[in-house]
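Visitor: Could you show me the chain and then take my questions on its fold and its charged side chains?

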Amino acid sequence: MISSKTYRNILNFVMFELGWFACVLLSQAWALIIVAVFLLVHFVLVSQYKMDELKFIVIGTLAGSLLDGLWLRTGILADTSGAAITTPLWLVALWAIFMTSLNHSLKWLGSNRVLMLLVVPIAGPFAYWSASALGAVTLPNLLPSLLALAVGWLVLFPALLSLRDFLYPRLAR
């Protein structure tokens, strides 16, 4: 494991961003391979509490994937073929890599709840809008889709942090 918290956070941030681009731009198979490698590197070099973090990542990945599945089924979000009725694996992988950032490079956001409530409903929908601009997904009705995404992120993000703080308090330190 890397001893410097700063270097661990930098590596986590870089791997999350590269993982996001891999999921959005590459084929599903390549995205899954890259995210799997990044998760392995994360657990070897970044994670201090591996089992707690693994459990938290699994819970958050399931929650985020269910929310994306709901958005796909209700037409808030659509895959580029318009045929997905379940969450595509690349979106599931994206949630897994995102969840690592909540304990590392995005941890600062959870410590300031007011800032979180201002940033999250903008940053979350912006990621989906960016993915749509790159052709990974579509937002069938742009404004209603962005508003629904903002509300979803405004609920899910703090809920995940509260769950982390309750179930895995040492991850929050």
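Guide: The questions and answers below go from the overall fold to the salt bridges.

This is a predicted model, in which local features need pLDDT of at least 70 and side-chain atom pairs count only at pLDDT 80 or more, while totals for chains, interfaces and linings use all residues. Residues are numbered from 1 along each chain as its sequence is written, and side-chain values use heavy atoms, with hydrogens and water left out.

Visitor: Which pattern does the protein chain follow along the sequence?

Guide: Helices (H or I, at least four residues) and strands (E, at least two) are taken as DSSP runs, numbered from the N terminus. The protein chain has 8 helices and 2 strands, and read along the sequence these give α-α-α-β-α-α-α-β-α-α.

Visitor: Which parts does the pair of aspartate 52 and arginine 170 tie together?

Guide: A salt bridge (a side-chain nitrogen of Lys or Arg within 4 Å of a carboxyl oxygen of Asp or Glu) joins the side chains of aspartate 52 and arginine 170 at 2.8 Å, N to O. Because aspartate 52 lies in helix α3 (residues 50-74) and arginine 170 in helix α8 (residues 169-172), the pair ties together parts 118 residues apart in sequence, namely helices α3 and α8.

Visitor: Is arginine 164 buried or exposed?

Guide: Buried means under 20% relative accessible area, exposed over 50%, and partly exposed in between (1.4 Å probe, protein chains only). Arginine 164, whose side chain meets that of aspartate 165 in a salt bridge (3.0 Å, N to O), has 3% relative accessibility and therefore counts as buried.
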